[in-house]
Amino acid sequence: MSTWGAVLGGAVVCYALKLLGLSVPASLLDRPVVRAIADRLPVALLAGLVAVQVLGGADQRLVLDARAAGLLAAVALLLARAPFLVVVAGAALTAALLRM
C-alpha cells in the first residue's frame, strides 16, 4: 500500500468514526456516567501522553533528564496560577538551560 493509500484510508476511517459518534442518541449522552467519563477521559489520555513523552526513553526505560525538570517547572508555575504562555516559556527555558 502506498503512503497516499494509507492517508486516504485513515481519512475514511476518521470520517466514519465521526459519523458513528454523531449517530449516538442524545438520551445515551445525557446519562451522568457517560458525561463523567467524557469529561475525564481526555485529561487522562493527555496525562498519559505527557508522561510517556517526558519520562520514557528509547529503550522503554525511565529517563529523568531536562524534560522532567521542565515538567516540574511547568507544574510549579501552574500551581502559582501563572498564565499559560508563561508556563510554556518557563518549562522550555528550564529544559534548555539544563541541556546546556
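1. In this predicted model, Leu46, Leu49, Val50, Leu71, Val75 and Leu79 make up a nonpolar patch on the surface, with about 550 Å² of accessible area together. A patch takes residues with over 30% relative accessible area and no salt bridge, nonpolar side chains (Val, Leu, Ile, Met, Phe, Trp, Tyr) being joined within 5 Å. Areas are by the Shrake-Rupley method with a 1.4 Å probe, only the protein chains shown counting as cover.

2. Helix H3 (32-55) and helix H4 (66-79) are the elements that give two or more residues to the nonpolar patch. Helices are DSSP runs (H or I, at least four residues), numbered from the N terminus. Leu46 lies in helix H3 and is exposed, at 54% relative accessibility; exposed means over 50%, buried under 20%, and partly exposed in between.

3. The whole structure has three salt bridges, each a side-chain nitrogen of Lys or Arg within 4 Å of a carboxyl oxygen of Asp or Glu. One joins Arg35 to Asp30, with the closest N and O atoms 3.3 Å apart. Arg35 is partly exposed at 48% relative accessible area, and Asp30 is partly exposed at 48%.

4. Asp59 and Arg61 form a salt bridge at 3.7 Å, N to O. Arg61 is exposed, with a relative accessible area of 59%.

5. Asp65 pairs with Arg67 in a salt bridge at 3.3 Å, N to O. Both are partly exposed: Asp65 at 32% relative accessibility, Arg67 at 26%.

6. On method: residues are numbered from 1 along each chain as its sequence is written. Local features need pLDDT of at least 70, side-chain atom pairs count only at pLDDT 80 or more, totals for chains, interfaces and linings use all residues, and side-chain values use heavy atoms, without hydrogens and water.

Notes: Buried < 20%, exposed > 50% of the residue type's maximum accessible area, 1.4 Å probe, protein only. Patch = residues over 30% accessible without salt bridge, like charges linked within 9 Å, V, L, I, M, F, W, Y side chains within 5 Å.
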